[in-house]
Structures are given as C-alpha cells and as structure tokens.
Amino acid sequence: MPDRTLSFHRVSLVASVVALFVVTALGVSASPAAGQPATDAAASTDSTEAEHPLWRVTSGADTLHMLGSVHLLRPDAYPLAPTIQHVIERAEKVAFEVDLDSMQAAAPMMLGAGMYQSDSTLQQAVSDSTYALLQSAIDTLAVPEAQVRKMRPWLASLMVTSAVMQRSGYQMSLGIDQHVYQKARESGAEVVGLETLREQIDILSAASSGDPDAYLRYSLENLSASLDQVARIMEGWKAGDVERIARVMNEGMDEFPAVREHVLVRRNRNWIAPIEDLMQDEKTVLVVVGVGHLVGEESVTQMLRDRGYTVEQL
C-alpha cells in the first residue's frame, strides 16, 4: 500500500502550483489561512484608464464578472486594485473552477489518483536519467526520497515544482482564489464550481499520460525557467496585459500540446454552458478561474464573444 502520510498541505500546494502554469486549481484549504492578506482598504494605485485581469460579460440585461486568478502569490501582490476589490465585495455568488467548499476531499482523492496502488514505483516508470534528475532535485529541496517513490510522474512533477515555488516566496494562502473565497465566506456569498473535484484530478492525470517520462523530465529540466515564467505572468497580471500573459502561457504549452488541449481548451469549452446558466442568475455573480483560461484565441472570453456576448476588460 502507498504511504498515505503525505500531508494535505503538501498535496494541495502541489496541485495549486500546476495552476500557476497550466491554470488548474485544487489547492485551497477550507479554513482561513495564516498569512491571509489584511483588508484591502489601504489604497493602491488605480485609475479609470487602468486595465485589470477582470472582465464584464453582458447580454441584454444579464451581466457577470470574470476575474483571472493566479493561484499562488507573494505578499507584495496586495492590496488588490480598488476596481477588483469592489467587484469581489459586491459578489453574491462566486463560481470557482471547483466548489472550494469541497476541498476537504482533495487529499485522499488526489493521493488515490497520483500514487501507485500496487508494487509499482516511480523509478520503474521513468528512465534512469530522469530519475537521477529527480533525485538531484529532491536532495536540493531536502525532500525524502521515500515521499516520492510511490508517486506517479505527474504528481512527482507537481510536488517538486511546488517546493521550488514555496522556497521562492510564493504562497498558496495568498492566491486570488483563497482571497476571494475568504471574502465570500465572510459576506455569506454562495460558492459553486464549474466542474467537480474528480473531473479536475482526472484532467491532471490524463494530461501527462502520453509520455510521463518526458513530462517529468521537462519539469525537472526547466525549474529555473518556470520561475522566470511565473514572474513574467505576474507582471502581465498586475498590468492587465492579456497579450503578455497569453504569450508566456503558450511558451510552456508548445512542448506538450495534449496538456494544452486537456487542461485549457477542453475545459474552456466545458465551462461555457455553466457560465451561460450563471448569466441568468438573479444574484450578482463573479466567476474566478485561472487567468490562462481568459486570455488567447481559445479562451473562455473569446468563446463567449463568438457566442454573441459582449466581453469587456475593465
């Protein structure tokens, strides 16, 4: 039987890190996090000319807002711009990628999908050279090899990436999802999901199934480049520069088109119907998904435009 001692914090952090690159969110705990940013009442620079990772979708009298999330942030990302904070505070119903009230089920579900249940091991599943790269990475990060030996390659990839991100100052507790979720709990806003937790974990697993060795090797060989990529995504996010974000996101997807299809494009298509239902809701609705889903030619925003909705970046 696999070692089930992997903590919920590590599993959830692992899952959230992939969100920063391929924009998937699994890692938001169901309780207020230490380090949660203080109130955003302190002023930040904002103007009517500024653009934010925030969109208004309208059709006749129906309106909702969509906020592009980054799932791990550093403290200097706060306070949020008043335009963004105003939309968050007005929301009576918030739709995340998954219903964040269900996150207590994330750890056992993710372990079930991401760890070998038989006598198989990670070392048997990848080449000797890839496993040597992994050993070097976990030695540097002071992660015991016993903790990864039963992981499938995709989970090992996320675990190493998450540890690197954490050492670089990025915190899950400061992610936009966590911030909005806590605001929703405080205000009593309804929380829903665009997909189920099971669906999201299956997507993570399937995305790397074509060549798991190559997937893990690419992650290990590009840890430093990934941190640079995150920094550039953050620059674009703060400036509301959707073209920059799309450009950086596409860099990492070119190597693995199946990942792009599974994690971004297919999910974008699947979300259109529930978003259209939310457009009809009587409550003031805010949709919060990874910013990578809202930029580019096959984004949710473009798909909604193609269906006749007016989509305006604020």
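The model is a predicted one. The buried set of H5 consists of Thr130, Tyr131, Leu134, Ala137, Ile138 and Leu141. Viewed down the axis of H5, these buried residues lie within an arc of 120°, and they therefore line one face of the helix.

- An α-helix has 3.6 residues a turn, so residues three or four places apart point the same way.
- The cover over the buried residues of H5 includes helix H4 (122-125), helix H6 (153-167) and helix H9 (212-221).
- Helix H5 (residues 128-141) has 14 residues, which at 1.5 Å a residue should span 20 Å; the end C-alpha atoms are 20 Å apart, in agreement.
- Alanine 142 follows H5 and has a positive phi, near 60°.

**The six-stranded sheet**

- Six strands form an open sheet with mixed pairing, in the order S4-S3-S5-S2-S1-S6.
- Strand S4 (190-195) and strand S6 (310-313) are the edge strands, each pairing on one side only.
- From one strand to the next, the twist averages 25°.
- Helix H8 (residues 197-207) packs on the sheet, where it touches strand S3 (93-98) and S4; the direction of H8 makes about 40° with that of S4.

**Pairing of S1 and S2**

- Strand S1 (residues 54-59) pairs with strand S2 (residues 62-69) in the antiparallel sense, over six bridges.
- Valine 57 has leucine 64 as its bridge partner in S2.

Note on methods
Residues numbered from 1 in each chain as written. Predicted model: local features only at pLDDT ≥ 70, side-chain atom pairs only at ≥ 80, totals over all residues. Heavy atoms only, no water. Pairing = 2+ DSSP bridges. Helix = DSSP H or I, 4+ residues; strand = E, 2+ residues; numbered from the N terminus. Axes fitted to C-alpha atoms, helices over the stretch in contact; angles between N-to-C directions. Contact = heavy atoms within 4.5 Å. Expected span 1.5 Å × (residues − 1). Buried < 20%, exposed > 50% of the residue type's maximum accessible area, 1.4 Å probe, protein only. Arc of directions from axis to C-beta.
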